[in-house]
Structures are given as C-alpha cells and as structure tokens.
Amino acid sequence: MKMKSKDMKLNRLIILAIAGLPYAFPLYADDGAATSSSEAAEIQALKQEIQALDQKVQALEQQHNAEQQAAANAPNEQVQALDQKVRVLERLRENDQDAAATVAKAQPKISLGASGFSFSSADSNFVATLHGLVQVDTRTFRHNDNVQGNDGILLRRARPIFSGTVYHDFDFQFTPEFGNGTPGAASAATAPSIYDAYVNYRYSPALQFQAGKFKPPVGLEYLQSDSYMFFNERSLATDLIPGRDLGFELHGDIDGGVVSYAAGVFNGVGDGQRNTSNTAFEDNREFDGRLFVQPFKTSKTVALQNLGIGVGGSWGNSSITNTLGLPNSTGGSSTSSGFYTDGQQQFFAYNPTTMASGTHWRLSPQGYYYYGPFGLLGEYVISDQGVKNSATLMTANLRNSAWEISGGWVLTGEDATFGGVTPRHPFDPRNGGWGALQVVGRFAELDVDKAAFPAFANLAFSASEAQAWSAGLNWYLNKNIRVNASFSRTTFTGGGGAGATAPAAVTQHPEDVFFTRVQLSF
Amino acid sequence: MKTFLKILLASTLAISASAKEIKLLNVSYDPTRELYQDYNAAFAKYWKTKTGDDVVVNQSHGGSGKQAQSVINGLEADVVTLALAYDIDAISQQAKLLPADWQKRLPNNSTPYTSTIVFLVRKGNPKNIKDWDDVVKPGVSVVVPNPKTSGGARWAYLAAYAYALETYGHDDAKAKDFITKLYKNVPILDSGARGSTITFAQRGIGDVLLAWENEAHLALKEFGADNFEIVTPPLSILAEPPVAVVDKNAKRHGTTEVAAAYLYYLYSDEGQEIAAKNFYRPRNEAIAAKYAANFTQLKLVTVDQEFGGWAKAQQIHFADGGVFDRIFQPQN
C-alpha cells in the first residue's frame with residue numbers, strides 16, 4: 001500500500017514538471033518567433049505526451065480508489081455473508097424446534113387427573129381410560145331386633161371401570177363389580193360379576209349403536225351414575241325399573257342433547273332386577289325405549305337450560321316356557337322376586353308359586369331440573385305384568401306403581417347437576433378449602449296392585465304399600481371424594497305378620513335406617 | 001289448562017328452535033388466515049339472517065399437504081380450502097371422506113378464486129430481480145417453502161419450471177438444469193408459505209421470496225411497503241386453490257347443509273369482494289374489474305397446459321424420488 005502511494009507521488013511530480021516546461025522557458029519560446037515548424041511539432045508531441053500521462057494518472061487514481069473501495073468492502077461483504085449464515089442457522093433451529101413440537105404432538109398422550117387415567121393416541125382415535133368407584137357404607141337400623149344382623153359396614157360398590165375408543169368411532173366399557181352391589185344387598189352374593197360390558201359404534205352423536213350388557217333405557221334415576229345419586233340407595237321407584245341387561249340399543253343425542261333417544265331389544269329382566277348370569281336362554285325379548293327432551297339446553301335462558309322431561313317404557317312378553325334343557329331364567333323369583341326398601345330389605349315378595357306369564361309393560365314419565373345450587377329429580381313408574389299361580393293356574397295382570405321426588409340444595413353455592421357437584425374450593429383446611437355441602441331430601445312411594453293378594457302374594461307377610469322419606473347431607477371434599485350421611489324412614493301398609501325373615505320381619509315396624517358413605521370416584 | 005299447555009309447548013318449541021349454534025371446522029392452507037377471518041364473519045352474519053342460527057367457524061392452517069394429511073389422519077374438517085386440487089384428491093382417495101368427483105360440485109372446478117406466484121424483494125430491489133432468470137443467478141438467495149409440504153411451494157416450483165420450458169423450447173433437460181440452479185440458491189425450506197414469509201420478512205434472510213400474490217401483498221401490509229416491494233414476473237402460473245365439503249365428517253357432525261352453503265357463499269358478490277380485498281383474484285368478472293388495480297396483468301400458464309394435470313405433475317416432480325428429490329440438496 002505504501003509503495004503504491006510513493007509511485008503516485010512520483011508520477012504527479014513528473015507530470016507537473018513536464019506540464020511546467022512551457023512556463024519555465026517563456027523567453028525561449030518568444031525568441032523562437034522564428035522557431036521552425038519542427039519545434040512546434042515537438043511541443044505538440046510533448047503536449048500529447050502530457051495528456052497521455054494525465055490520462056494514465058487518472059486511470060491509476062481510479063484503479064487505486066477502486067482497490068481501496070474493494071479493500072474496504074471486502075470485510076463488509078464477509079460480515080453480510082456471515083450474518084446471513086447465522087440468520088439461516090437460527091431459522092433452521094427455529095424450524096427444528098417447531099418440527100420437534102409437531103412430532104411431540106404426534107406422540108401418544110398420557111393424562112392423569114380428577115377424571116381418571118387416560119392413554120390416548122396422538123390423533124385421539126385410540127383412547128383407553130381407567131376410572132374407579134369405591135363406596136364404603138354403613139347401615140344402622142333402629143328396629144334391629146326384627147332382622148338380626150342387618151347393621152353393618154359394607155363395600156357397597158368397588159368397580160374398576162375400563163373404557164375407551166378404538167378406531168375413532170368405536171367406544172367400549174367394561175365394568176366388573178367386586179363390591180356387594182346387588183339390590184337386596186344384605187344377603188346378595190359377593191362374587192365378582194360383570195356389570196357393564198359393551199361396544200358402542202358412534203356414527204354421529206345423533207346415531208349410535210350399542211351392543212352388550214348395560215343399563216336399559218327406561219328409568220331416569222337408574223340411568224344416573226352411581227357416583228352422583230343424592231342418596232346412598234335409589235328410591236322405591238327404581239324397584240319397578242329393569243336393571244342391567246343384555247341387548248342391542250340404537251341411541252343418540254340430537255341437536256347437542258336437546259333431544260335424546262334410545263330404543264333397544266333386551267333379554268328382559270324383572271322389576272328391580274338385573275341380569276346376573278350374563279345369559280338368558282328364553283324365547284321372548286323385551287323392547288325398551290326412552291325419549292328425553294331438554295328444550296332449553298342450547299337457549300340463552302340459563303334458568304331453563306337444565307330442565308329435562310321425558311318418558312321411558314318397556315314392553316315384553318314374559319313366559320315360563322323355555323326350550324327344554326336350557327336354564328329357566330324367567331318366572332318365579334327370578335323375575336318377580338320382590339321389592340326392597342331404602343335399607344335394601346325386602347318388604348314385598350310374590351308367593352313361590354307365582355310366575356311371570358304374559359305381557360309385561362312399563363311406563364315412566366320423568367324429569368329433572370337443575371339451576372344453580374338447586375336440583376330436583378322426579379319419576380313415576382307403572383309396571384303392568386301378567387302373572388300366573390302355577391298351583392291354581394290363576395292368572396292376572398298386576399299393575400304396580402311407584403313414584404319419587406328428590407331434591408337438593410348446595411349450601412356452599414356450587415352448581416348442582418345431573419352429573420354431580422364440583423366443589424369450588426376443594427378440601428384443603430390448611431389453605432381454607434372445605435369442599436361443598438349439599439342438603440338433600442326425598443319422598444317415594446310404591447303401591448302393589450291389590451289384586452296381587454292373596455292369590456299371588458301374602459298380605460300377612462308382604463306390604464301392599466310402602467312410603468319412604470329421606471333426608472341427608474352430602475359433603476363433596478373434592479371432585480373425587482364424597483362423604484354422605486342420611487336417614488330414611490319407610491312405613492308400610494300390610495305385612496307385619498309373624499316371622500323372623502323378610503318380608504314379614506321387615507314390615508313389622510317402619511324401617512328407620514341411618515346411612516353413611518365414603519366414596520372415591522375418578 | 002289446555003291453553004296453558006299449548007302456550008308452554010309453543011314457547012318450548014320456539015325457544016328451542018331459536019339460537020342454535022353450529023360449529024364448522026375449515027382446514028385450510030397457510031396464507032388464508034386473514035381471508036377466512038373476514039369471510040367467516042360475513043358468512044356468520046349472512047347465515048344468521050337467513051336461518052337465525054349462529055355459525056362459529058374454526059380455522060386450521062398449515063402447509064396444504066400437511067393439512068390434507070391431517071384430515072386423512074382424522075382431523076374432523078367439515079370443509080377443506082386447500083392450495084391445490086391434488087391435496088383434496090388425496091383426502092378423497094386415501095380416506096374416502098368425499099367422492100372422487102368433488103371438483104364438479106361447485107363452479108370453476110370448485111375454485112372460487114385464483115392467485116399466482118410473484119417475487120417479493122427488498123426495497124430498491126438491490127439484486128435487480130425482474131424475471132425468473134434473475135433468481136437463478138449465483139449469489140441470489142431465494143426463499144421458498146418446501147414443495148413436499150406446501151401447496152404454494154409446488155405452485156412456485158411449477159411456475160419456475162414452466163418459465164424454463166417456455167424459454168428453452170420445452171427442453172426438459174434445460175428446464176431441470178434451470179430448476180436445479182434455482183434450488184441451489186435456496187438456503188432454507190420452510191414447511192409452509194407463512195413460515196417462508198417470516199423467514200424472509202421477519203428474519204431478514206434472502207434476497208427474494210417466491211410468494212403467493214396475496215401473501216406478498218399481505219407482507220407489504222404487515223411489514224411495511226417501505227421495506228419490500230413486489231415484482232411480478234412477465235410469466236407465472238395460474239394457481240387455483242379449491243374448496244370442498246368433507247362429506248363424511250360433515251354428515252357425522254350434522255353440518256352438511258351449512259358447510260355447503262359456506263363454500264357456495266364464496267361465489268357470492270360479498271364472498272368475491274372479500275377475496276379480492278385480500279388479494280385473491282376473484283372469478284366474478286365484474287368484481288375482478290373493480291379490483292383490477294390490485295392485480296398486475298401477466299401471462300399465466302396452467303398446470304394442465306404445461307404439466308398435464310396435477311396427478312402427473314405430482315408424480316413426476318414431488319413424489320418420493322421425483323425431480324425435486326433428485327435436484328435439491330440442503331445447504332446446511
């Protein structure tokens with residue numbers, strides 16, 4: 001760089017020297033008035049040479065400037081190139097992170113929470129969920145002397161509930177019962193049994209098809225989950241409702257649940273009974289159906305959104321005639337074994353010679369209303385059943401009826417719903433959380449057709465009518481833990497004859513029973 | 001009592017019949033967010049007036065190919081509004097969610113608006129990029145998304161390829177050489193058009209973005225006309241983004257009627273105006289004329305003309321082992 005600078009200076013000196021010649025020797029020029037034309041030519045040549053040299057100098061200067069500029073720009077371009085590389089690398093990293101996040105989204109998901117344990121494929125087409133229900137109850141009867149040994153602590157329900165979805169549209173549920181869950185539970189078998197086992201194809205919310213063992217669509221109280229009932233036990237009205245059965249059902253929710261329908265064909269079970277054998281070899285079937293409307297569910301009238309009314313019903317033809325060699329699953333105590341109090345004691349039983357025979361239909365208008373902390377649920381049931389006395393061959397259609405109305409108020413202000421209560425402040429005394437408290441009450445009545453006596457039932461032992469009222473307090477510690485305490489009194493008309501076993505012993509006095517429950521559900 | 005019951009029943013039916021809320025899911029490609037935000041509001045208003053029902057349209061956006069795959073994998077789209085017909089064909093063929101002839105169900109092959117590929121350059125156009133020849137010059141850094149995942153990228157690739165075919169007398173070898181040079185200038189491939197816009201405009205990478213026309217205008221609006229300018233090449237491709245109801249999903253959701261109306265309304269004057277305002281070229285000639293100033297005239301070639309249709313173009317250029325796989329070498 002220094003060499004070039006020296007050259008430049010030398011060039012300039014030469015140019016200046018040559019350019020100054022005419023001025024340095026003016027006299028010589030003047031004296032040369034007689035100069036020859038050769039001298040003029042020489043001067044002209046020198047001028048041209050000077051011009052050429054000047055051009056050379058300019059070119060060299062331009063070159064020099066360009067070189068200087070290039071030298072100055074070189075690092076800048078390198079910086080720019082490096083800057084672009086850095087930016088590209090940063091962007092690539094950013095894209096890689098996005099891609100990693102996308103891949104993470106495609107991974108199976110595991111969810112643990114108040115709603116159970118759930119495993120799901122990334123696209124939610126495959127889901128497996130584990131729920132559970134454990135209920136530890138106590139029953140304390142005031143007239144303990146009539147029926148010995150009915151007080152106690154029991155595991156009312158103990159159910160792991162496996163449910164899920166395969167191939168997006170196929171749902172399933174499998175619920176075994178390890179508790180003492182059978183109605184009439186004081187003496188019921190405690191062997192594990194299958195409560196729910198079904199597959200449901202969901203074409204759309206409005207069109208679904210279910211097959212297996214599950215609750216038939218008839219009674220409102222019975223269809224409410226065991227976890228969310230106001231009381232430990234369902235009311236007298238459910239004594240006339242068919243319990244879990246095997247069958248096929250078409251069902252759906254239209255318009256977001258404004259209208260719900262279900263209709264199916266089932267093996268058929270007696271009032272208040274459920275299928276315990278997972279088989280039913282019998283020629284006749286029962287048709288069950290239910291239509292439930294929540295007309296204001298999607299309206300903006302909040303006070304009416306949780307008003308639901310509906311009707312459920314069934315129709316079947318129970319017969320004692322069975323294919324030879326197959327187990328007799330209808331008739332006798334299997335389908336008309338009796339009715340139970342809140343304390344799960346039998347207060348009515350058909351005579352052993354009474355068989356189901358002929359048409360059996362049920363009709364159950366029903367409804368509920370929930371608004372804020374208030375909840376109300378009611379149901380009326382008629383069960384009309386053909387019966388026959390196998391000894392006298394006498395037949396009759398017996399029309400039994402029952403109804404119940406129950407209500408609750410959440411004292412701590414949370415919303416009451418058909419799906420339970422979620423405490424606003426879960427139980428955590430160290431931080432001032434005490435859960436939610438709900439007071440509940442119920443009245444229920446069951447009337448047995450007077451024509452049942454004496455040909456099909458014995459009025460000395462069985463009550464023809466039972467009325468029950470109940471009051472209780474439910475404490476929801478959190479979404480999963482609940483503690484109940486309630487009292488039920490059932491009074492009877494008829495029955496009360498001598499005897500130490502149900503139903504006579506049960507109907508000798510009104511039944512007063514105090515319940516408690518500790519429940520875990522998730 | 002009877003009168004009371006009648007009134008109760010009538011009011012029950014009236015209230016339950018009113019205020020119905022319907023939800024739709026529109027699975028779309030990357031740069032249509034703003035278009036459908038505007039359009040969804042207009043359609044909801046129209047549908048409310050017509051039926052009294054509320055419609056809430058949820059949007060899902062991403063690279064068109066990725067979006068199609070998501071629907072195939074179970075994303076419950078009621079409608080798809082994707083970048084190119086091939087992606088909806090894939091949904092039809094692989095998931096059978098709509099019939100093979102879905103494109104015949106709406107006018108203009110179910111493409112209510114069109115677009116093309118232009119250049120977005122930095123202000124002053126320092127690399128003097130005016131035509132496709134300029135983007136393949138050494139030292140020019142080109143930003144464009146990945147044609148494997150982005151519909152816009154496939155349109156851009158085919159636009160460049162079509163230029164080369166037109167320029168070199170349909171000499172395919174020379175066209176391949178041209179496209180190879182182009183992708184040598186690409187430092188990064190984003191998965192979708194919006195990602196590439198961010199790369200170019202926000203992250204300051206590259207000299208030119210090969211962009212949807214509407215996306216280029218949006219970039220000017222979002223990132224400042226004093227930072228960028230649009231260069232429309234003399235020749236580009238007629239991009240036809242199609243729309244379709246995903247029949248089986250819509251049927252399952254009970255939304256078939258409203259989904260069909262949602263797409264048909266795109267052809268209405270209001271729908272076309274909204275498209276034009278968002279720099280999509282409307283099909284309606286009167287509205288196209290009204291917004292002519294928004295759209296530079298250029299020669300537009302079609303996929304059918306130059307490449308024999310989307311199925312063939314996909315197979316030759318973008319399928320695994322196709323031309324793109326052979327010519328593109330990642331720089332990093």
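**Exercise 1. Place A:Glu465 in chain A and state which residues it contacts.**

Solution. A:Glu465 belongs to strand 18 of chain A, residues 463–476; strands are DSSP runs of E with at least two residues, helices are runs of H or I with at least four, and both are numbered from the N terminus. The model is predicted, local features need pLDDT of at least 70, side-chain atom pairs count only at pLDDT 80 or more, and totals for chains, interfaces and linings use all residues. Residues are numbered from 1 along each chain as its sequence is written, while chains are lettered from A and ligands numbered from 1 in the order in which they are written.

Next, take burial. A residue is buried if 20 or more other C-beta atoms, placed from the backbone, lie within 10 Å of its own, exposed if 12 or fewer, and partly exposed in between. A:Glu465 has 17 C-beta neighbours inside 10 Å and is therefore partly exposed.

Then list the contacts, where two residues are in contact if their C-beta atoms, placed from the backbone, lie within 7 Å. Leaving aside neighbours within four places in sequence, A:Glu465 touches A:Leu446, A:Asp447 and A:Val448, and also A:Phe492, A:Thr493 and A:Gly494. The C-alpha atom of A:Glu465 is 9.5 Å from that of A:Ala402, and 63 residues separate the two along the chain.

**Exercise 2. Describe the side of chain A that touches chain B.**

Solution. Start with the count: 20 residues of chain A contact 20 residues of chain B. Two or more residues on the chain A side come from each of helix 3 (37–105) and strand 6 (193–204) of chain A. Helix 3 of chain A gives the largest share, seven residues.

Sort that side by class: eight residues are nonpolar, eight polar and four charged. Here Ala, Val, Leu, Ile, Met, Phe, Trp, Tyr, Cys and Pro count as nonpolar, Asp, Glu, Lys and Arg as charged, and the others, Gly among them, as polar. For the complex, the predictor gives an ipTM of 0.74 and a pTM of 0.61.

**Exercise 3. Determine how helix 9 and helix 10 of chain B pack.**

Solution. Helix 9 (residues 193–202) and helix 10 (residues 213–223) of chain B have axes 11 Å apart, at an angle of about 45 degrees. Axes are lines fitted to C-alpha atoms, for helices over the stretch in contact, and angles run from 0 to 180 degrees between N-to-C directions. Angles under 35 degrees count as roughly parallel, over 145 as roughly antiparallel, 65 to 115 as roughly perpendicular and the rest as oblique. Helix 9 and helix 10 of chain B are therefore oblique to each other.

Finally, find the residues that meet: B:Ala193, B:Thr197 and B:Ala201 in helix 9 of chain B, and B:Glu215, B:Ala219 and B:Phe223 in helix 10 of chain B. By class, this contact has four nonpolar, one polar and one charged residues.

**Exercise 4. Summarise the confidence in chain B and its fold content.**

Solution. The mean pLDDT of chain B is 91, with 94% of its residues at 70 or more; pLDDT is the predictor's confidence in each residue, from 0 to 100.

Chain B has 17 helices and twelve strands. Of its 332 residues, 47% count as buried.
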